[in-house]
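Hi,

Here is the structure I said I would pass on.

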Amino acid sequence: MQISVQIVVQTEVDEQANITEIARFEREGFEAGTLGLQLEEAKALPGRLQRSMIEAQAAEAIARMSVCPECSSRLTVKGHHRLVYRSVFGRLSIDSPRLYQCRCSGSGRRSVAPLARLPLSHSMQCGYVRGRVSCRIYSHGKGR
Ligand SMILES: [Zn+2]
């Protein structure tokens, strides 16, 4: 028997839900040693769930922020760097594009990294710090 654990992400942008398998288990028979989750399998699940959730949230945020709020033009990508997020479920590297601001803003060819500016990253950090576990989000790469 194969047992798949999947998360289903439904965004307001996409009509079709995105299904990601975060774990797959194979079991045969009905014996005490193979019933349910093994300890190592259970330990790995929260980290995989965390990774899938954050990647989905980042993808939606990037899609939303890649469009000019004034004229609805698609913003041009200047480059990418990685944000590293540490949580109790492990370390996660998130793609963070740097986007040129829209020409309609009159700001020339300045660029911004929208994910690096999110106040959400700060609140996630503070929540974990209260639990006395070191968690941070910070940026690697150029152009910050
Ligand atoms: Zn614009």
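Below is what I found, going from the overall layout to single residues.

First, the ground rules. This is a predicted model, so I kept local features to residues with pLDDT of at least 70 and side-chain atom pairs to pLDDT 80 or more, while totals for chains, interfaces and linings use all residues. Residues are numbered from 1 along each chain as its sequence is written.

**Overall layout**

The chain has two helices and six strands. Those elements are DSSP runs numbered from the N terminus, with helices being H or I of at least four residues and strands being E of at least two. Going along the sequence, the order is β-β-α-β-β-β-α-β.

Of the 144 residues in the chain, 6% are buried. For that I count other C-beta atoms within 10 Å of a residue's own, with C-beta atoms placed from the backbone: 20 or more is buried, 12 or fewer is exposed, and in between is partly exposed. As for contacts between residues at least 6 apart in sequence, 50% join residues at least 24 apart. A contact here is two residues whose C-beta atoms, again placed from the backbone, lie within 7 Å.

The average pLDDT of the chain is 82, and 81% of the residues score at least 70.

β3 (77-87) and β4 (residues 90-100) run antiparallel and are joined by ten bridges. I call two strands paired if DSSP finds at least two bridges between them. A hairpin links β3 to β4 through two residues. If you want to find the pairing on screen, glycine 79 has arginine 98 in β4 as its bridge partner, and histidine 80 stands opposite proline 97 in β4.

Arginine 98 itself sits in strand β4. Is it buried or partly exposed? Arginine 98 counts as partly exposed, because 19 other C-beta atoms lie within 10 Å. Its C-alpha is 5.4 Å from that of lysine 78, 20 residues away along the chain.

β4 also pairs with strand β5 (residues 111-112), through two bridges and again antiparallel. Leucine 99 has valine 112 in β5 as its bridge partner.

**Two residues in helix α1**

Leucine 49 lies in helix α1. What does leucine 49 contact, leaving aside its neighbours within four places in sequence? The answer is Ile7 and Ile22. Leucine 49 is partly exposed because it has 16 C-beta neighbours inside 10 Å. Threonine 20 is 29 residues from leucine 49 in sequence, and their C-alpha atoms are 9.7 Å apart.

Serine 52 is in helix α1 too. Not counting residues up to four places away in sequence, serine 52 touches Ile7, Thr20 and Ile22. It has 17 C-beta neighbours inside 10 Å, so serine 52 is partly exposed.

Most residues other than glycine have a negative phi. Serine 72 is not a glycine, yet its phi is positive, at about 65 degrees. You will find serine 72 in the loop between α1 (39-65) and β3. Serine 72 counts as exposed because it has 9 C-beta neighbours inside 10 Å.

Cheers

Key. pLDDT is the predictor's confidence in each residue, from 0 to 100.
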